[in-house]
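This briefing is intended for reading alongside the sequence and the model. Its points are grouped by topic.

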Amino acid sequence: MAAKFETGVNELESRVGGVTVHAKVHSLSAWFVLALRLMMGFAFAYSGFTKLVAAEPFGAGGYLANVAAANGNPLAPVFAWMGATPWFVEFASVAVPWGELLIGLGLLVGLMTRLAAFFGALMMLMFYFGNWEVAHGVINGDFAYMLVFLSVAAFAGGRILGLDRYVENYDLGGETLVERYPALAYVLG
């Protein structure tokens with residue numbers, strides 16, 4: 001006899017600025033959220049790993065100093081400052097590959113998914129402005145990936161075959177970890 005799962009109601013509702021949206025979602029939606037989480041997790045883990053094991057050490061200086069100056073970027077002065085500031089170049093040269101690897105691993109195993117997705121979205125926002133190109137409109141791949149990260153966070157992608165589900169429900173003497181420390185809901189899920 002097959003096991004019966006209680007799935008609850010597949011409905012979404014949100015109210016922002018006096019506007020309420022309500023929708024019913026397909027029962028397969030969880031699989032698509034999982035696929036997005038794993039896709040972005042693999043892409044970022046792979047990108048970070050290849051930067052860390054490359055024969056030449058990864059350096060962010062050339063990108064930061066040169067990328068924004070030639071493409072009409074509204075943040076060109078910020079990127080120029082970042083590229084001309086030695087401590088920031090050193091920081092970015094370490095933060096980018098390690099950040100990509102840790103974000104990717106977090107998404108792959110579904111641990112601290114919202115935190116990983118937030119930093120993934122932040123990186124994609126920086127890449128969006130760094131790779132500024134509006135000849136075909138303001139939406140490009142970097143912007144789309146940013147929205148994928150935000151969607152994974154919003155739909156609590158770490159609870160779908162991920163470790164966040166178990167961490168959130170860890171029993172601490174009659175209450176769950178998230179009940180005792182509600183702020184963890186912002187990084188888990």
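In which loop is A156 found? A156 is found in the loop between α6 (141-154) and α7 (164-168); helices (H or I, at least four residues) and strands (E, at least two) are DSSP runs, numbered from the N terminus. The model is predicted, with local features requiring pLDDT of at least 70 and side-chain atom pairs counted only at pLDDT 80 or more, while totals for chains, interfaces and linings use all residues. Residues are numbered from 1 along each chain as its sequence is written, and side-chain values use heavy atoms, with hydrogens and water left out.

**Overall architecture**

- The protein chain has 8 helices and 2 strands, and along the sequence they follow the pattern β-β-α-α-α-α-α-α-α-α.
- Taken along the principal axes, the C-alpha atoms of the protein chain fill a box of roughly 60 × 40 × 35 Å.
- Of the 189 residues in the protein chain, 33% are buried; buried means under 20% relative accessible area, exposed over 50%, and partly exposed in between (1.4 Å probe, protein chains only).
- Among contacts in the protein chain with a separation of 6 or more, 65% come from residues 24 or more positions apart, where contact means heavy atoms within 4.5 Å.

**Strands β1 and β2**

- Strand β1 (residues 11-16) and strand β2 (residues 19-24) run antiparallel and are joined by 6 bridges; two strands pair if DSSP finds at least two bridges between them.
- Strand β1 has 6 residues, of which the number buried is 0, so β1 lies largely in the open.

**Packing of α3 against α4**

- Two packed helices are described by the angle between their axes and the distance between the axes.
- Helix α3 (residues 76-84) packs with α4 at an angle of about 90°, and their axes are 5 Å apart; the axes are lines fitted to C-alpha atoms, for helices over the stretch in contact, and angles run from 0 to 180 degrees between N-to-C directions.
- The helices α3 and α4 are therefore roughly perpendicular to each other (angles under 35 degrees count as roughly parallel, over 145 as roughly antiparallel, 65 to 115 as roughly perpendicular and the rest as oblique).
- W81, M82, G83 and A84 of α3 make the contact with P86, W87, F88 and V89 of α4.
- By class, this contact of α3 with α4 has 7 nonpolar, 1 polar and no charged residues; Ala, Val, Leu, Ile, Met, Phe, Trp, Tyr, Cys and Pro count as nonpolar, Asp, Glu, Lys and Arg as charged, and the others, Gly among them, as polar.

**Aromatic pairs**

- A search of the whole structure finds 11 aromatic pairs; rings of Phe, Tyr and Trp (its six-membered ring) pair if their centres lie within 6.5 Å, and planes under 30 degrees apart count as stacked, over 60 as edge-to-face and the rest as tilted.
- The pair of F44 and F149 is edge-to-face, because the ring centres are 5.0 Å apart and the planes stand at 80°.
- This pair links distant parts of the chain, with F44 in helix α1 (residues 29-53) and F149 in helix α6, 105 residues apart.
- Both F44 and F149 are buried.
- The rings of Y128 and F129 have centres 5.2 Å apart and planes at 70°, so this pair is edge-to-face.
- Both Y128 and F129 are buried.
- One aromatic cluster is formed by W81, W87, F88 and F91.

- A156 is not a glycine, yet its phi is positive, near 50°; at 7% relative accessibility, A156 counts as buried.
- M112, likewise not a glycine, has a positive phi of about 55°.
- M112 lies in the loop between α4 (86-109) and α5 (113-130), and with 40% relative accessibility M112 counts as partly exposed.

**Surroundings of Y63**

- Y63 lies in helix α2 (residues 61-66) and is partly exposed, with a relative accessible area of 30%.
- Not counting residues up to four places away in sequence, Y63 touches F127, G130 and N131.
- C-alpha to C-alpha, Y63 and G83 are 7.6 Å apart in space, and they are 20 residues apart in sequence.
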